[in-house]
Amino acid sequence: MTNPLGTRLDATFKGVELRSGVDGRLAVVVPREAIVPVLTFLKEDGYDYLQLISCVDWIDRGEFELVYLLSFYTEDEVGRDGGKQEVLLKATVPREQASAPTATGVFAIAEPHEREIHELYGIHFEGHPRLTPLFLDRDYEIPPFRKDFDTKQYVADVFDRVPPIDEEG
Amino acid sequence: MDRNQLMKWIKAPTKMAHKYSLNAVYFCTGCGVIEVPPTITSRWDAERFGVVPTATARQANLFLITGYVSVKTLRAIIRTYEQMPEPKYTVGFGSCTINGGMYWDSYNTINQLDKYIPIDGYIAGCMPRPEAIFVAVTHLWTLIDKDMADGYKRYRKNYAAYRANQEMILGEMEWPPIFQTEVATAITEREG
């Protein structure tokens, strides 16, 4: 627990697990309920740039992992901690009840990221202003980025079912 | 002008005019479109072959589909193709238009473009070089000479089948069929 930011996070929140990042990033694992408070804490601490929200489907563990990558526009503000690391915030969501609190209240840029994750993984974000489709034009029974979505079967059922044009007839 | 082609000009002037004024729709899909800007500008200069990009589909007669086609893009491609005046020629650029290429098992990319619109020729490769576009253009000249670039006629003739395939993937389409079956048959009988 040498990292000053890590120490303060540990003192402020319960159930926060710290992992030293392999590439100079600090990984913070939090429970699902603590996503928004920790994001707010980090934003006030100078991490004013949410670079991305990613999602991993750990189908064997039966859970999704949401990954928030936080960075900063101004280096000075983070410099007061003595460290200039980026922060990876990780939280797990059970597959059966896939929903998480929205981060749009803290970072407005979370809106399209969460819409994308909602569309491709089917995770519901509570309190999101508009969870409408972002890219896809079709409806899928299983959201296509989930590991149990069989793309080959889907292609065989949908695209390969279209017959070639019989030009001679 | 090539004097050897003088007889062709006298026999079939419209065909020769179509050959040497291919106006390509500047329609960008997939990664293949990265080859198009150097092709039409000074490095390779497609205007030597009479190929110029055109801003709107309503003034174009060459449709170069440059890469993978997602379901959303397919809708735009069909709309663009149907707006082009006849005679019109389509060229599929890159292996994705032939059989899906590296996106053959994608959840959102159609596999064979010629199930939805007629294709006069393909350029194989991933990616094809800009020179391949010129090979395709010269080949297309030969096809036009021999009346073999007849994709738009096949589209008219088999419109019902094409439309059925399009609706299989796109579901309800926003625009009505552009050809009634009887009208399409009548045009085909009159113009061949």
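Leaving aside neighbours within four places in sequence, which residues is Thr80(B) in contact with?

## Surroundings of Thr80(B)

In this predicted model, Thr80(B) is in contact with Val25(B), Phe27(B), Ala57(B) and Phe63(B), once its neighbours within four places in sequence are left aside. Thr80(B) is found in helix α4 of chain B, and its relative accessible area is 11%, which is under 20%, so the residue counts as buried.

## Extent of the interface

Between the two chains, 22 residues of chain B are in contact with 25 residues of chain A. The area buried between chain B and chain A comes to about 2000 Å², and carbon and sulfur atoms give 55% of that area. On the side of chain B, the residues that lose the most area to chain A are Tyr107(B), Lys115(B) and Met168(B), which together make up 34% of what that side buries.

## Polar and charged pairs

The count of salt bridges between chain B and chain A is one, and in it the side chains of Arg75(B) and Asp137(A) meet at 3.0 Å, N to O. Eight residue pairs, both members at pLDDT 80 or more, are found in polar contact across the interface of chain B and chain A.

The side of chain B that touches chain A draws at least two residues from each of the helices α4 (71–83), α7 (151–157) and α8 (159–170) of chain B, and the largest share, five residues, comes from α8(B). By residue class, that side of chain B divides into nine nonpolar, six polar and seven charged residues.

Technical notes. Residues numbered from 1 in each chain as written. Chains lettered and ligands numbered in written order. Predicted model: local features only at pLDDT ≥ 70, side-chain atom pairs only at ≥ 80, totals over all residues. Heavy atoms only, no water. Contact = heavy atoms within 4.5 Å. Buried area = accessible area lost by both parts, 1.4 Å probe. Salt bridge = Lys/Arg side-chain N within 4 Å of Asp/Glu carboxyl O. Polar contact = N/O pair within 3.5 Å; in protein donor to acceptor, adjacent residues only side chain to side chain. Helix = DSSP H or I, 4+ residues; strand = E, 2+ residues; numbered from the N terminus. Nonpolar A, V, L, I, M, F, W, Y, C, P; charged D, E, K, R; others polar. Buried < 20%, exposed > 50% of the residue type's maximum accessible area, 1.4 Å probe, protein only.
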